[in-house]
Amino acid sequence: MVRLARRALHGLLLLIGVSALSFLLVELAPGDYFAEMRLDPRVSEATLRTLRSRYGLDRPLPERYLRWVASLARGELGYSFAYGQPVGPLLWPRVRNTLLLTVTATALAWMLAVPLGAWWATRRRGPVNAGLAGVTAALLALPDLVLALGLLLLALRTGWFPAGGMVSLGHEQMAWSERVGDVAAHLVLPVTALVLGILPVLVRYVRAGVADALDAPFVRAARAHGIPPRHVMFRHALPAAANPLISLFGLSLAGLLSTSLLVEVVMSWPGLGPLLLEAILARDFYLVLGPVLASTLLLVSGNLVADALLLAADPRIRAAGR
Amino acid sequence: MEAEPPLFRVWGLTKRYSGRERRGAPTVEALAGIDLEVTRGSDLALVGQSGSGKSTLARCLARLDEPTSGRVLFEGMDLRELRGPRLLRFRERVQLILQDSATALDPRLTAAAIVSEPLEVLGRGDRRERGRQARELMESVGIPAAWAARRPFELSGGQRQRLAIARALAVQPELLILDEAFAGLDASIQAQIATLLQELQARHGLTYLYVSHDLSLMALLADEVAIMFEGRIVERGDVGRIFTEPRHPHTRALIAAVASLPAPSAPPAS
Amino acid sequence: MPALLEVRDLAVHYADGHGGPVVAVDELSLDVPPGEVVGLLGESGCGKSTLLLAILGLLPRSARVVNGSIRFRGRELLGLGEPELRGVRGAEVSIIFQDPALALNPVRRIGSQVAEVVQAHRRWSGRRCRDEALSMLAEVGFPDPVRIHDSYPHELSGGQRQRVVIAQALACRPALVLADEPTASLDSTTQAEVRGLLGALQRRLGLAMLVVSHDLGALATLARRVLVMYAGRLVEAGDSARVFGDPLHPYSRGLLQALPRAPEPGSSRERRVPSPIPGSSPDLARLPAGCAFEPRCADRLPACVDRPPRETRPADGRQVRCFKYGG
């Protein structure tokens, strides 16, 4: 518990650090939302000055930061110039959609990676080994963007799945069960892109970890006691291989999140990705900070979950942290 | 001889591992007041079970661990005051060999490179000269110089341990601390290394400090034994005396653990 | 009485990358009668661990049994399928490995690791397997089996862990226990305890044991018959008191002299230090045409380099493989 609390505190410090640093970086970038208007002969210098003072852009940097922190506390997270409303309410539905995508992809990727990697670990020679090695190497070599575009092309050509967005036209009129099915159908493409992107990495790690565990003396001892193979795998090898995999779980969440931002843009999934891109292009200052902060929060929570799992899985770590 | 100060003199040495170093665990008193002298050219063995503090004491003598209190004098100099070049010189003169020294050899280096590496670090001789010395050292521990290009995995466990000893000898130390350096080796290889160490002692006037849980093995190697128990030296004496008149109950327990064996008949005279 | 375990002319080779095979075990025959302890003495790399793994059918992929037979209760074990072998392992023939810190799964409780062995061989309820595990823990001398049952391996000492490993090995009352250096990784006083425990359990349960060790002390106290192994072959066999008291083979003699022992009072150190066997164990991939010990042997004869010596029986109940005895 002490250990978890300490990790949570680290996470909090990280959040504060990221917020301050990204605030500073975005602030240092040249221009702002109103810079483009300067080129417009219909907007006068005076109007611009009024606008900027209304949004507080003429205040010194520390003051603007403190005001933003205060609005964070109110859940507003600053003000979007483009949308003309606080960032918070814009952000939450996007966070929900991104979470839906990444959590589904993470769960699916791990549910496939563990049995596949464990199976591979028991086949060190022969066609299974060669086949899996080839397929994972090919997938690893394929950039995420190419993968996503390829899937999009496939969907457009075949029409098997909706090729973009999160809901069909007329979604609002559907019955509850139809709506779920509709979202699920829209999920197929982006989730496939994400899973195919991370699966080869995960499978290779699982294979290496389980193969090491299978070579461990206690696994040989278990076999020597006549323990059946499925118990050797599920009670001995997998639990012993779990530690690095759980740590990898936290990392995989980070990887999926960043890939997800890209895939969302390509497949027009209404998550944090398109919002972030739009905000950067428009130099919509606080709207850039929102997704950055939300992503950091998701990452920190993912790693906390991994830490909690690690504590649950390994008695030696529990003993060291007591 | 009487006028010469002992190599090591230790007074009231204690070492506590506090809760901070071993997180959450209660404070552990590894050494509870050690007084010890090590004279030049002697063979002393520290014998005790795991947790008796023998390895901690060895580490304090090699200045790899800071004592909590007490003093360690090396030739009259306080170990804590050694700095800079004098500390380097101390590190050359006192070498520590551990049970896993043999497994800690760099697998990518050849045997000759492993042995000459300390010379290179100290900037002794040129490349040719170091190579020559390395081959000489290998020969002196019974590894053919022709094997100079072999790597650790091509050697047996006993050969690797001898290579670790050759490496320690490269800097011409005066004291070797051998902490369970024989554990896990076969009896015939233990005997080979024991013989080697005695030859080296006769040639270079080395001092040995052995650390082990195995009293019967130490009887083979050392002249004098110090029995350690719960962070203290409970008994010290000549090997023969320890076996014939053990005074401390723990010494008697250690002796009882040595399985008795019928003595083999003498080999036929050739 | 027919032997419980009969090994005949066993030869095991390992494939290695450089040309010829590594001959780990060759021409090896041995018997373990019911209820009797046989000691196998040999140094690292002599093939003793390969022999034990071959008996249980657990040889690594790179190893191949090229000749011989291994019979347990008259039934050939070589060539049995995995499911049949699984029924033998742990239930009829079990093994105690050298290092208990490595033989137990670090992330699982002790009790479940003992109960699991029972569960693998008996159609009992989980409850009953747990009770059996507890009584087994009591049997190997734990005064508080419940506490040990709920512990993790890292919470126990080396000696306690080895007791747990013994409990696992005996949980299904096997007829034969193989022990691979059961005391080598322990402190000397703990070694004595574990030796005593193994001896007591062996007598109480009437176990047959094949104990591999280079701890001559352990063999002298446990085993009635001792076999000496060098470079994959048995070089000497006989009653343990006689082999230790009067070794015939030059290798056995060298090994016994290399053994540390308590000094006699007043002896100087020079007399205590044994004369080690010169040289080192042969490369099993390039064994000489003659006797494998010949390059290190002080008693070599001209015949030694031509072919390996045959086994002879120079005295009642003794076997030796050396030209000095007509091999």
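Modeller: Gladly, and here is a place to begin: D26(C), E27(C), R233(C), E311(C) and R321(C) are joined in a network of salt bridges. A salt bridge here is a side-chain nitrogen of Lys or Arg within 4 Å of a carboxyl oxygen of Asp or Glu. This is a predicted model, in which local features need pLDDT of at least 70 and side-chain atom pairs pLDDT 80 or more, while totals for chains, interfaces and linings use all residues. Residues are numbered from 1 along each chain as its sequence is written, chains are lettered from A and ligands numbered from 1 in the order written, and side-chain values use heavy atoms, without hydrogens and water.

Colleague: How many salt bridges are there over all chains?

Modeller: The network in chain C includes D26(C) and R321(C). By the same rule, the count over all chains comes to 42 salt bridges.

Colleague: What separates R67(A) and E63(A) along helix α3 of chain A?

Modeller: Their side chains meet in a salt bridge of 3.2 Å, N to O. R67(A) is partly exposed at 45% relative accessibility, and E63(A) is partly exposed at 30%; buried means under 20% relative accessible area, exposed over 50% and partly exposed in between, with a 1.4 Å probe and protein chains only. Helices are DSSP runs of H or I with at least four residues, strands are runs of E with at least two, and both are numbered from the N terminus. Because R67(A) and E63(A) are four residues apart in helix α3 (residues 61-73), what separates them is about one helical turn.

Colleague: In chain B, how far apart are the closest N and O atoms of E136(B) and R132(B)?

Modeller: Both residues lie in helix α4 (residues 127-140) of chain B, four residues apart. E136(B) is partly exposed at 48% relative accessibility, and R132(B) is partly exposed at 38%. They form a salt bridge whose closest N and O atoms are separated by 2.4 Å.

Colleague: Is A105(A) buried or exposed?

Modeller: A105(A) sits in helix α4 of chain A. Neighbours within four places in sequence aside, it is in contact (heavy atoms within 4.5 Å) with V191(A), L194(A), V195(A) and L256(A). L256(A) is 151 residues away in sequence, yet the two C-alpha atoms are 7.8 Å apart. With a relative accessible area of 0%, A105(A) counts as buried.

Colleague: Which elements do the buried residues of α10(A) pack against?

Modeller: Helix α10 covers residues 272-282 of chain A, and its buried residues include L272(A), P274(A) and A279(A). Just after this helix, R283(A) takes a positive phi of about 55°. The packing partners in chain A are α4 (87-122), α9 (229-266) and α11 (285-313).

Colleague: What is the relative accessible area of I148(C)?

Modeller: I148(C) lies in helix α6 (residues 145-149) of chain C. Leaving out residues up to four places away in sequence, I148(C) touches I110(C), L137(C), F142(C), L156(C), Q160(C) and V164(C). I148(C) counts as buried, and its relative accessibility is 0%.

Colleague: Finally, how many helices and strands make up the secondary structure of chain A?

Modeller: From the N terminus, the elements run α-α-α-β-β-α-α-α-α-α-α-α-α-α. The total is twelve helices and two strands.
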